[in-house]
Amino acid sequence: ATRVTLDPGLTPLVAAPNLAAELGITAPLWVKDDSANPTHSFKDRVVSVALTAARALGFTRFACASTGNLANSVAAHAARAGAPSVVFIPSDLEQGKVVTTAVYGGELVAIDGSYDDVNRLCGELVETDEFEDTAFVNVNVRPYYAEGSKTLGYEVAEQLGWRIPAQVVIPMASGELLTKIDKAFTELIEIGLVEAPAGGWKVFGAQSAGCNPIATALHGGSDEIVPVKPTGIAKSLNIGDPAAGLYALEAVRRTGGWMEYADDDEIRAGIRLLARTTGVFAETAGGVTVAVLRKLVESGKLDPAAETVVFNTGEGLKTIDAVAGQVGPTHHIRPSLRA
């Protein structure tokens, strides 16, 4: 009776042999393409779980702090549920993500500051009387929100015939998605649905060079994640003070994985490489993941002979400006057979 959902999930697991060949990967390579969700990102999974819990807990208004994809999803879920929403975003967000939030008709508040400023403000609003009826999906119902990410791990195992891949490469903003996919694999083993691959599985994290505090801590052998002021085109990953960063470090170290980061040019190249070899047009976060996959193979951190799944978390049409200046018509002719 309290269910709030857009019916996300069961998104394609795309075989990527052409991408594997270009990168020198000899084992099966897969792309889990979550751009196929209703609002075209993995956030539909977490929002469905969080808002179903929120309604059961008696909240009557839905809200979030967002770098874009979460804003889309919360506004859409609220519209489907017939509930009011108020979504807070940085004012410099990509226009595509602004429009695809505002179109659902809820309140959209653009704030002159970074995502971390927006998130801090929402943490303060939760404590006020004016917002006591409001569920902020990534603040006061965050435990439920975080658990929704596990469905990505569940589905990959199911789509592979109830087995776990040897390696996964996952984009990181807060670090929550990485930790929860790892947790999903652990849970499936605990309940006996799957067996762990020989030698276990390795978890790899991908960040933008403009916002890489988790990867920087790993590279420095530190347990201290120093907040940064985000820059760069991968705005959906621009969380300078990542809430689950320490847990992401733990998962990567425990499984024997690694983290890398990619600059803006590498991100653009990653978007184009994925599109050209798989027919999947990723947003900038997906470009980060593919660029990092290349670096991991080249550095020898990732085993090219072990089955690997990479995660594309969002749709390229939301961040079309990232590659708009690099692609276009290959020919321009007059409308005649001779031309």
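Visitor: What makes W162 count as buried, partly exposed or exposed?

Guide: The model is a predicted one, and the label rests on a computed value. W162 has a relative accessibility of 39%. Buried requires under 20% and exposed over 50%, with partly exposed in between; W162 therefore counts as partly exposed. The residue is placed in the loop between α7 and β7 (167-171).

Visitor: Why is the contact between E22 and R276 called a salt bridge?

Guide: The term requires a side-chain nitrogen of Lys or Arg within 4 Å of a carboxyl oxygen of Asp or Glu. E22 lies in helix α1 (residues 17-23) and R276 in helix α11 (residues 264-278), so the bridge ties together parts that are 254 residues apart in sequence.

Visitor: What makes E155 and R45 a salt bridge, and where in the structure do the two residues lie?

Guide: The closest N and O atoms of E155 and R45 are 2.9 Å apart; the limit is 4 Å, so the pair qualifies. E155 belongs to helix α7 (residues 150-159) and R45 to helix α2 (residues 43-56), so the bridge ties together parts that are 110 residues apart in sequence. E155, with a relative accessible area of 9%, is buried, and R45, with 4%, is buried as well, because both values are under 20%. E155 and R45 are also linked with K32 and D34 in a network of salt bridges.

Visitor: How do you know that R254 and D182 form a salt bridge, and is each residue buried or partly exposed?

Guide: The N to O distance between the side chains of R254 and D182 is 2.4 Å, which lies within the 4 Å limit, so this is a salt bridge. R254 is in helix α10 (residues 245-255) and D182 in helix α8 (residues 176-190), so parts that are 72 residues apart in sequence are tied together. R254, at 45% relative accessibility, counts as partly exposed, whereas D182, at 4%, is buried. A search of the whole structure finds 19 salt bridges.

Visitor: Why is the contact between S236 and E283 called a polar contact?

Guide: A distance of 2.9 Å joins the side chains of S236 and E283, and a polar contact is a pair of N or O atoms within 3.5 Å. S236 sits in the loop between α9 (213-219) and α10. At 11% relative accessibility, under the 20% cut-off, S236 counts as buried.

Visitor: Which residues gather in the patch of negative charge, and what makes the charge negative?

Guide: D129, E130, E132 and D133 gather there, on the surface. Asp and Glu count as negative, so each of these residues contributes negative charge. E132, one of them, is found in the loop between α5 (115-125) and β6 (134-136). With a relative accessible area of 61%, E132 is over the 50% cut-off and is therefore exposed.

Visitor: Which residues form the nonpolar patch on the surface?

Guide: V49, L57 and Y144 form the patch, with about 260 Å² of accessible area together. L57 is placed in the loop between α2 and β3 (61-65). At 51% relative accessibility, L57 is over 50% and so counts as exposed.

Conventions. Residues numbered from 1 in each chain as written. Predicted model: local features only at pLDDT ≥ 70, side-chain atom pairs only at ≥ 80, totals over all residues. Heavy atoms only, no water. Helix = DSSP H or I, 4+ residues; strand = E, 2+ residues; numbered from the N terminus. Buried < 20%, exposed > 50% of the residue type's maximum accessible area, 1.4 Å probe, protein only. Patch = residues over 30% accessible without salt bridge, like charges linked within 9 Å, V, L, I, M, F, W, Y side chains within 5 Å. Areas by Shrake-Rupley, 256 points an atom, 1.4 Å probe, with all protein chains shown as cover. Charge placed at Lys NZ, Arg CZ, Asp CG, Glu CD. Polar contact = N/O pair within 3.5 Å; in protein donor to acceptor, adjacent residues only side chain to side chain.
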